[in-house]
Amino acid sequence: MIRIENISKKFKKLHALDQISMQLDSGKVISLIGPNGSGKTTLIKCILGMVKPAKGKIYVHEMKINGDPSYRERIGYMPQIGRYPDNMKVGQLFTMMKHIRNASENDLDTDLIIKFNLIAIFDKPMRTLSGGTRQKVSAALAFYFSPDILILDEPTAGLDPLSSEILKEKIIAEKRKNKLILITSHILSDLDDLATDIIYLQEGRLQFFKKIETLRKETGEVKLGKAIAKIMKNQLQRGPWVDEVLDIEPEDQDQRIKP
Amino acid sequence: MMKLSKYVLYDILRSKVILAYTLFLFIISISLFRMEENNGKAMLSLLNIVLIVVPLISMVFSTIHYYNSYEFIELMLAQPMSRTRILLSEYSGVALSLISAFFIGVGVPILIFSMDSTGLAMIFTGFALTLVFTSIAFWASVKARDKARGIGFALLLWFYFALIYDGLILLILFSFSDYPLEKLTLALSALNPVDLGRIFIMLKMDVSALMGYTGALYQDFFGSISGMLFTTGIMLLWIVVPLYAALQTFKKKDL
């Protein structure tokens, strides 16, 4: 569904994305994880055409992204922070989206609108909504046009446990319909029963892209959080791990004194 | 494109800022026409309002609107819509609301109290300046990354066009007063839409008689059809060029 070939992106000196290639297929829930600033959101924005990569190509449905916006008709996107025109009412937002996407009434997926009970707040202006309610609106909008590809950036952050559960159920239901779902999240326990594949990014580089079963077997941990923590620790031993740095320091000083 | 700008326009009209601007212009216009016995005098005072306030409000309002709808633009970018279409919809929404505010606030009083060639020239100039400075503001805000810098940049440009440019022109005129400068000043006026608007309106008024030989030359030029076309053409360039630059930058920009 989505093929990424060697994309790189620099923000001034920072390598946000460094030679990333991957193939994302339908019927999977792929979660994109990594520390803050590892390039997760940048990668998503590259797929959506919001950020233009310096090098590399991205294909969505075998169509290369090159400025023609029509491929986005089949993508639903839920941003990390959803902000909408202050004076627009919730109902108007949905009407507007329907209007600009030229969607017919039959194709619409109103599941989340009903489950989140958004109809009750349809005549409230967007500016009066709390952060969590906005998240619900963003989520309902992403699923509204039943797209083949769903990109959810931190979907459960700010949602109450009940709504978070509703959203998770919806994601699983969509997965069964053979759609591709790409999620970024820091709440690894949320991903436990959702994700089929894990992509781990660090400092803009693709560290690994594995099936969740493989990951569990390799680390011997059932919980995703623990498995990831184990891998991070192992990898960091090669890098400047705090204890090691402390060990090395006295040696360095000795060497400096000797000559 | 109209679909989206309809919603942008709707959002702007719902906020009170544009209503306050309309009311402010309307009260000033009405009170000027009521206070001055001679409509010509009222027009002269109104001229200064139009030349100073309209560019300032257009600039500041457009810049703030752009930054406030940044997340909305992001949301639209995730929809199947091209960047050109998104920016043009934002532009037409903002421009249309500012133009309607100007028309109700200044245009209608002029049409009631002093509908002649001067009045029409004033309305024309007001429309043109609104569009020009909205274009420039969009260009400035697309270029600058954060809000403070964008508004600062817009204000600086306004200062330049409304105040500093005149100072520079005076400096040139004084330093080279021994040479015939009429043609040169004519050309220089094209480099500033505010000055162009001022000359265009002033020459429709009786005061142009006070401007001596230069005034006569200007009258000769701007009074003719070619002068009209010149003014319209230059104003159009001032609208299109910054907007085009803004579109080019916006297309390449990371959001």
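Reader: Which elements of chain A do the buried residues of α5(A) pack against?

Author: This is a predicted model, in which local features need pLDDT of at least 70 and side-chain atom pairs count only at pLDDT 80 or more, while totals for chains, interfaces and linings use all residues. Residues are numbered from 1 along each chain as its sequence is written, whereas chains are lettered from A and ligands numbered from 1 in the order in which they are written. A residue is buried if 20 or more other C-beta atoms lie within 10 Å of its own, exposed if 12 or fewer, and partly exposed in between, with C-beta atoms placed from the backbone. With helices (H or I, at least four residues) and strands (E, at least two) taken as DSSP runs numbered from the N terminus, the partners of the buried residues of α5(A) are β3, α3 (111-115), α4, β7 and β8 of chain A.

Reader: Within what arc do the buried residues of α5(A) fall?

Author: The residues in question are S163(A), L167(A), K170(A), I171(A) and E174(A). The arc is that of the directions from the helix axis to the C-beta atoms. Seen down the axis of α5(A), these buried residues line one face of the helix because they fall within an arc of 100°.

Reader: Which exposed residues does the face of α5(A) turned away from its buried side carry?

Author: The buried side of α5(A) includes L167(A) and I171(A). On the face turned away from that side, the exposed residues are P161(A), L162(A), A173(A) and R176(A).

Reader: What distance does α5(A) reach from its first C-alpha to its last?

Author: The expected span of a helix is 1.5 Å times one less than its number of residues. For the 16 residues of α5(A), the expected value is 22 Å, and close to this is the distance reached, 23 Å.

Reader: At about what angle does α5(A) run to β8(A)?

Author: Helix α5 (residues 161-176) lies across β3, β7 and β8 of chain A. Axes are lines fitted to C-alpha atoms, for helices over the stretch in contact, and angles run from 0 to 180 degrees between N-to-C directions. On that basis, the angle between α5(A) and β8(A) is about 145°.

Reader: Which strands are at the edges of the open sheet of 6 strands?

Author: Two strands pair if DSSP finds at least two bridges between them. With mixed pairing, the sheet has the order β6-β7-β8-β3-β9-β10 in chain A. The strands that pair on one side only are β6 (75-78) and β10 (205-211) of chain A.

Reader: Which residue in β8(A) stands opposite V29(A)?

Author: Strand β3 (residues 29-33) and strand β8 (residues 180-184) of chain A pair in the parallel sense over 4 bridges. In β8(A), the residue opposite V29(A) is I181(A).

Reader: Which residue in the turn between β4(A) and β5(A) has a positive phi?

Author: Strand β4 (residues 55-60) pairs with β5(A) in the antiparallel sense over 2 bridges. Within this pairing, Y59(A) has K64(A) as its bridge partner, and V60(A) stands opposite M63(A). The two strands form a hairpin with 2 residues between them, and the residue in the turn with a positive phi, of about 55°, is H61(A).

Reader: How many residues of the side of chain B that touches chain A are charged?

Author: Two residues are in contact if their C-beta atoms, placed from the backbone, lie within 7 Å, and the contact takes 20 residues from chain B and 21 residues from chain A. On the chain B side, the elements that give two or more residues are α1 (2-14) and α4 (70-77). Ala, Val, Leu, Ile, Met, Phe, Trp, Tyr, Cys and Pro count as nonpolar, Asp, Glu, Lys and Arg as charged, and the others, Gly among them, as polar. This side has 9 nonpolar residues and 4 polar ones, and the number of charged residues is 7.

Reader: Which element of chain B do the buried residues of α4(B) pack against?

Author: The buried residues in α4(B) are F72(B), L75(B) and M76(B). They cover an arc of only 100° around the axis, which puts them on the same side of α4(B). Their packing partner in chain B is α5 (83-113).
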